[in-house]
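Good morning, and thank you for joining this group meeting. I would ask you to keep the sequence and the model in view while I speak.

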Amino acid sequence: MSRIDISKKVLLITLLIFAVLTAAFTLTHSMQLSNFLELEQADTLENVERIQNAISTQQGYLSYINQDWACWDDTYRFIEDRNQDYRDVNLQNQTLAGIKVNVMLFVNEAGSVVYAKSIDINTAEEVPVPEDLLDLIENGTLLTKSENENISGFVLLEENPMFISCHPILTTEYEGPIKGTLIFGKYFDNTLLESFEDATCYSLSMYRTDEELRADAQSKFKNFSDFPDKPVIEPYSEEKIAGYFKLEDISGKPALIIRADFPRKLYSHGKKTLENMYFFLLLTGLMTGVGVKFALDKLFVSRLIEVDDFVTRVRSEKDLSRRLYLKDNDELYRLSKEINGMLNEIYLAEQELTAQEREKKVLLDSLNELVIFVNPQLKIIWANKAALEFMELDLENAVGLCLESAPGINGPLSDYLQFEQIFVTGNKKSGEFTSMDGRVWFVQAIPVTEENGKIIGVLETCRDITERKAAETLLQEKQIAEAANRTKSEFLANMSHELRTPLNSIIGFSDLLHEQAYGELNEKQLRSVGNISKSGKHLLSLINNILDLSKVEAGKLELSCKQFELASKLNMIKNLVSPIADRKNIRIEIDVGNDLASICADESRFIQIMYNLVDNAIKFSYENGFVKIGARKKGDMVEITVKDTGIGIKPEDQSKLFKPFSQVDSFSSKQFQGTGLGLSLVKQIVQLHGGYVWFRSYPGEGSTFAFAIPMKGDKGNSEATGLDNKVKG
């Protein structure tokens, strides 16, 4: 019943409107024409204002990017140091073309141009800066004097009018003192005018006030003097109406007059409508009266009710799987498709949101860090798996819990990070925090904001860095120990030098006394002097070893490599140690490979290595034993071995070898003389040659010590295989 009433009401309203319009048209035909003229004036004025807004938008855009560049720390520093990096990164031609700026000028506080660039926006090619623009800078017209002064408008240049925006150069925080003025310019040329025509779909013309104006523009220029802020609208034919408005330069004087031509569609259509309406209004009214009843009932009202019923069912049942099906390809049919599509998108969005929530939860739960989100009341909204395990709570019990009363480190952390202050200032806070159990945590509190900037919560993250801090402490201790070791080596080197000078005098004078250069001595005196000389030489040898070792550790020992015959040097070593070997009746054998003739090494250091190894072999060998010296070629290296039939070395003592001032055990230290420096020096000197040392030893059977060095004196590391113990740097 209500549907039929609605149809009748619509029909009656339509007939009433028909009658009123017919009477009104008959009585007020002339008034309607006047109204159309006023409407045309208002529409034209609105279109003119749209064009003005487009031009103002262009000026506003230029001022915006000018301010963005001027209030930038990098620009602030560039005015001071004129660094090349700023030019290379920010002042490329493509950059100016990208922001649609023809001219960019950097002027310091003294009024001098620090940097200037002018390009053709269409080709991005650099062109000369207009001279008349530089004149305006020189006379101070375009320079800002204070932090709040901005210059914006037009300047009439010889080539084309130009949008100008001048802004004081400040820091990113908009603070001074000002370092100068940043000037942006964009030509208001035919290309830009055509872009405005394309945007507004109207024909535009531009006239400069510094040139001779056309007659129509000249008359409008006078009107602007009487009504400076009001555009001038004037029909000039049955088909066209024109709108004029002025654009002022930076000093507030008229610079340009813009003319926009509009078709008089509104007026012509209105006039024609008024003329035809009277004749066809009756027929239209009759057809409307008949058509409205059937159209609204069948095509609109009934189907609209169906849509309303469908939406009501979906909302009440919350069943997003339902679909609405309407016949006929019209707006209501398309509305039904849109409703179906919307329901489908809502369903997919709901599924996607569920999946994203699940992925986010899995991702955050996989972190080892503790992640907790709290609201402004400092109550827990959400926590990841690691945080819940640390607090020994599940999410249901954790949500709503006050952070200060939460178990674990959260209570002390809330005081340490000062959450209340974060909600006030909006600043992120971070730092290292040591809990009561001694564990060190790196903690962060990051404010989370909505799009409008309102803080809705704080995300707290805690990462256990105890092991990392311990590692940093160990590294610092290692560096301190290395520095102390270098200081020790330098001290030993200096002390060794100081000791050798008087010791050489003691040895020299004792030798002279022993040779009875100053007169004859009795047997007891000769024995005492001989002991002095022998002890002095032993002490000198010890000091020399200490000096060599300290030089190696300090990196000051240099090698002087040269070619020498290997066999002759080994025989020389044999002759040097023969007196020592003869006292224990020890036989020394030398076995040199046939393919070994000469090697390149530091001759004196080579003798020092061999003497230490052979002397040790004799020292720790039994009487009537033998020592074998072997040499063989091994790739690009020569390997030399010293084998004895002595006491050998226990496995637990082998780790002490090659350490300074260390011998295998106290018994050996008492039975055999030595400082424990020999093998340490051997290892260091061999490594300086680019070689390595190895040994093999069995208690009661003897030991074999060997080293390998490059035959050509190249200081590179070579590898060896099949060895029992190998010592490398």
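Please bear in mind throughout that the model is predicted.

Helix 3 itself covers residues 73–81 and lies across strand 1 and strand 2, running at about 60° to strand 1. Which residues of helix 3 are buried? They are Thr-75, Tyr-76, Phe-78 and Ile-79. These residues cover an arc of only 160° around the axis, so they sit on the same side of helix 3.

Let us now turn to the sheet. In general, the strands of a sheet pair through backbone hydrogen bonds, in a parallel or an antiparallel manner. Here we have an open sheet of 6 strands, with antiparallel pairing and the order 3-2-1-6-5-4. Its edge strands are strand 3, residues 125–126, and strand 4, residues 151–156, each of which pairs on one side only.

Within this sheet, I would draw your attention to strand 1, residues 103–108, and strand 6, residues 180–187. The two run antiparallel and are joined by 6 bridges. What stands opposite Leu-105 in strand 6? The residue there is Ile-183.

Helix 6, residues 131–138, lies across strand 1, strand 2, strand 4, strand 5 and strand 6, and runs at about 25° to strand 1.

Let us look at Ile-55 in particular. If we leave aside its neighbours within four places in sequence, Ile-55 is in contact with Phe-154, Phe-163, Phe-188, Phe-196, Phe-245 and Leu-247.

Finally, let us step back to the protein chain as a whole. Its secondary structure comes to 20 helices and 23 strands. The chain has 729 residues, of which 38% count as buried. Among its contacts with a separation of 6 or more, 60% are between residues 24 or more positions apart. The accessible surface of the chain comes to about 42000 Å², and 53% of that surface belongs to carbon and sulfur atoms.

Thank you for your attention.

Conventions:
Residues are numbered from 1 along each chain as its sequence is written. This is a predicted model: local features need pLDDT of at least 70, side-chain atom pairs count only at pLDDT 80 or more; totals for chains, interfaces and linings use all residues. Side-chain values use heavy atoms; hydrogens and water are left out. Two strands pair if DSSP finds at least two bridges between them. Helices (H or I, at least four residues) and strands (E, at least two) are DSSP runs, numbered from the N terminus. Contact means heavy atoms within 4.5 Å. Axes are lines fitted to C-alpha atoms, for helices over the stretch in contact, and angles run from 0 to 180 degrees between N-to-C directions. Buried means under 20% relative accessible area, exposed over 50%, partly exposed in between (1.4 Å probe, protein chains only). The arc is that of the directions from the helix axis to the C-beta atoms. Accessible areas come from the Shrake-Rupley method with a 1.4 Å probe; for residues, only the protein chains shown count as cover.
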